[in-house]
Amino acid sequence: MMKRVAVLMGGWSPEREVSLVSGKACAEGLREGGHEVIEYDVKRDLRALVEFLRPAAGGGPDVVFNALHGRYGEDGCIQGVLEIMRVPYTHSGVLASAIAMDKPLARHIFASLGLRVAEGRVIERRSLAAGDPMPRPYVVKPIDQGSSIGVHIVRDGDNLAAVEAAEAAFGERVLIEKFVPGRELTVAVMGDKPIAVTELRPRTRFYDYEAKYTDGITEHLVPAPVPEDVYEAAKQWALAAYQELGCSGLSRADFRWDDSKPGTSGLVILELNTQPGMTPLSLAPEQAKWAGISWSQLMTWMVEHARHPT
């Protein structure tokens, strides 16, 4: 059934450019699916957004496709606005979005389910100036950013003062985690169904922002060439995290797997993304395609499974 869909994109987070690419691609897929599409570049103007969604003269979109990434688009804020206005929208709701974006809180919930997380804790950013908080190598990351923005792996010889200075843009607290060697895996979940496991082999030092969004830098292997027990465990962990956080629509969970350890004992869940990337290089749509779901079919499925605020 054709719908009038508003694609929200852009925003003002560090992931603005990624969101614009996601939004354009999603709008194109929705049009291919036969929907009427209105693209909207979200600015820090709530009055304008409200007027766009519910014009005084009547009308407005049937559903919002949320293609925003990062703070205010992925952390429950825009979802709260849409809930108040009773506008149906794609992806997860307020609470699941807020929890998933808060990496320390999400880690706590993953651990409560028995899912293995890397050894880690939250520290004051400035305390990095006093020295290493744990033996190297370890990971320093902002507590509430996506797309690996602000993520640093601190190895022998690295300048810790430079890392501390770079993190200043993201707040006073940072999450530090023991670096897990091995391989990078990811699982997309589509409506309570984990689709597949992809292994990522970046040609950079790790799967950072550049590796995510630059064509040719990262090799994507789907299905991942890993033992069956690891493959199935990653899928089940992704689904368990999705369900416990109360997610809906499409999500993606990221993992590290230390393949030097026996069985699944080296598998570690890193985070869950309630607004996975939807660019031409993104992983969730790639897995959907592998499963036989075309781009326009995926877009239509997402608006047909939008949340309906009561």
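Modeller: Let's start with contacts, meaning heavy atoms within 4.5 Å. Of the contacts in the protein with a separation of 6 or more, 69% are between residues 24 or more positions apart. Keep in mind that this is a predicted model, where local features need pLDDT of at least 70 and side-chain atom pairs count only at pLDDT 80 or more, while totals for chains, interfaces and linings use all residues. Residues are numbered from 1 along each chain as its sequence is written, and side-chain values use heavy atoms, with hydrogens and water left out.

Colleague: How many helices and strands does the protein have?

Modeller: Ten helices and twelve strands, which are DSSP runs (H or I, at least four residues, for helices; E, at least two, for strands) numbered from the N terminus.

Colleague: And what makes the protein as compact as a globular protein of that length?

Modeller: Its radius of gyration, taken over C-alpha atoms, is set against the globule rule, 2.2 Å times the number of residues to the power 0.38. The rule gives 19 Å for 310 residues and the protein's value is 19 Å, close to that, so it is as compact as a globular protein of that length. Along the principal axes, the C-alpha atoms fill a box of roughly 60 × 45 × 35 Å.

Colleague: Why is Ser 22 called buried?

Modeller: Buried means under 20% relative accessible area, exposed over 50%, and partly exposed in between (1.4 Å probe, protein chains only). Ser 22 has 0% relative accessibility, so it counts as buried. Ser 22 lies in helix H1 (residues 16-32), and beyond residues up to four places away in sequence it touches Ala 67, His 69, Gly 277, Met 278 and Thr 279. Across the protein, buried residues make up 55% of the 310 residues.

Colleague: What about Ser 296, buried or exposed?

Modeller: Buried, because its relative accessible area is 18%. Ser 296 is in helix H10 and touches Gly 29, Glu 32 and Gly 33, leaving aside residues up to four places away in sequence.

Colleague: How do you know that Ala 169 is exposed?

Modeller: Ala 169 has a relative accessible area of 66%, so it counts as exposed. Ala 169 sits in the loop between helix H6 (160-167) and strand E7 (173-178).

Colleague: Why are H1 and H10 called roughly perpendicular?

Modeller: Axes are lines fitted to C-alpha atoms, for helices over the stretch in contact, with angles from 0 to 180 degrees between N-to-C directions. Under 35 degrees counts as roughly parallel, over 145 as roughly antiparallel, 65 to 115 as roughly perpendicular and the rest as oblique. H1 and H10 pack at about 90°, with axes 8 Å apart, and are therefore roughly perpendicular to each other. Ala 25, Cys 26, Gly 29, Leu 30 and Glu 32 in H1 meet Trp 295, Ser 296, Met 299 and Val 303 in H10.
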